[in-house]
Amino acid sequence: KVRGASTISQQTAKNTFLWNGGGYFRKAFEAWFTFLIETIWGKKRIMEVYLNVAETGNGMYGIEAASQKYFGKPAKNLSASEAAAISSIFPSPKRWAIGRYPASSRQRLIYTAMTHYGIQLEYLK
């Protein structure tokens with residue numbers, strides 16, 4: 001089965017402004033909205049909106065909801081390891097579970113990259 005890969009901007013456009021499903025009609029709207037948000041918003045704003053609308057589980061959307069469900073606290077209080085754990089379930093939050101393979105190995109890689117490169121958690125605050 002052929003699958004396309006979407007950028008964060010494309011996913012943000014789809015999740016924020018459009019409906020689920022495929023088809024050329026929706027894809028055309030997605031391209032238009034992607035162009036608009038990349039023209040008007042900065043990368044930081046795109047990431048902020050994406051993290052607030054991305055699916056983080058079955059019927060669950062946004063990092064705040066995931067933070068509350070998995071760790072019982074607001075996203076702004078997540079540790080780097082906890083933030084890496086939530087990040088590890090992308091791109092398959094319905095199939096992958098925090099703490100279980102393959103998310104567990106991805107969590108270690110993400111956490112190592114965050115600490116090694118000094119990546120801040122500003123997008124979650």
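1. Ala-85 is buried, with a relative accessible area of 3%. Buried means under 20% relative accessible area, exposed means over 50%, and partly exposed lies in between, with a 1.4 Å probe and protein chains only. This is a predicted model, where local features need pLDDT of at least 70, side-chain atom pairs count only at pLDDT 80 or more, and totals for chains, interfaces and linings use all residues. Residues are numbered from 1 along each chain as its sequence is written, and side-chain values use heavy atoms, with hydrogens and water left out.

2. The surroundings of Ala-85. Ala-85 belongs to helix α5. Helices (H or I, at least four residues) and strands (E, at least two) are DSSP runs, numbered from the N terminus. Leaving aside residues up to four places away in sequence, Ala-85 touches Phe-71, Ile-98 and Gln-107. Contact means heavy atoms within 4.5 Å. Glu-82, Ala-83, Ala-84, Ala-85 and Ile-86 are buried in α5. The buried residues of this helix pack against α4 (63–71) and α6.

3. The whole structure holds 6 salt bridges. The criterion is a side-chain nitrogen of Lys or Arg within 4 Å of a carboxyl oxygen of Asp or Glu. Side chains of opposite charge can pair when their charged atoms come close. Arg-26, Lys-27 and Glu-30 are linked in a network of such bridges. Glu-30 pairs with Arg-26, and their closest N and O atoms are 2.5 Å apart. Glu-30 also meets Lys-27, at 3.4 Å from N to O.

4. Glu-30 and Arg-26 are 4 residues apart in helix α2, about one helical turn. Lys-27 and Glu-30 are 3 residues apart in the helix, also about one helical turn. An α-helix has 3.6 residues a turn, so residues three or four places apart point the same way. Both Glu-30 and Arg-26 are buried. For Glu-30 the relative accessible area is 3%. Lys-27 is partly exposed, at 39%.

5. A bridge between separate elements. The side chains of Lys-94 and Glu-55 form a salt bridge, 3.6 Å from N to O. Lys-94 lies in the loop between α5 and α6 and Glu-55 in strand β1 (residues 55–57), so this pair ties together parts 39 residues apart in sequence. Lys-94 is exposed, with a relative accessible area of 57%. Glu-55 is partly exposed, at 22%.

6. Aromatic pairs. The count is 7. Rings of Phe, Tyr and Trp (its six-membered ring) pair if their centres lie within 6.5 Å; planes under 30 degrees apart count as stacked, over 60 as edge-to-face and the rest as tilted. Which class does the pair Tyr-50 and Phe-90 fall into? Their ring centres are 6.2 Å apart and their planes meet at 45 degrees, so the pair is tilted. The pair links distant parts of the chain, 40 residues apart: Tyr-50 in helix α3 (residues 43–53) and Phe-90 in the loop between α5 (80–87) and α6 (103–117). Tyr-50 and Phe-90 are both buried.

7. An aromatic cluster and a charge. Phe-17, Phe-33 and Trp-41 are joined into a cluster by ring pairs. Over the ring of Trp-41 sits the charged end of Arg-45, 5.5 Å from the ring centre. The rule requires NZ of Lys or CZ of Arg within 6 Å of the ring centre and within 35 degrees of the ring normal.

8. A nonpolar surface patch. Trp-19, Phe-25 and Phe-29 make up this patch, with about 340 Å² of accessible area together. Patch members have over 30% relative accessible area and no salt bridge; like charges are joined within 9 Å, nonpolar side chains (Val, Leu, Ile, Met, Phe, Trp, Tyr) within 5 Å. Areas come from the Shrake-Rupley method with a 1.4 Å probe, and for residues only the protein chains shown count as cover. Trp-19 sits in the loop between α1 (8–17) and α2 (24–40). Trp-19 is partly exposed, at 40% relative accessible area.

9. A cis bond to check. Most peptide bonds are trans. The bond from Tyr-101 to Pro-102 is cis, with omega near 5 degrees. Pro-102 is found in the loop between α5 and α6.
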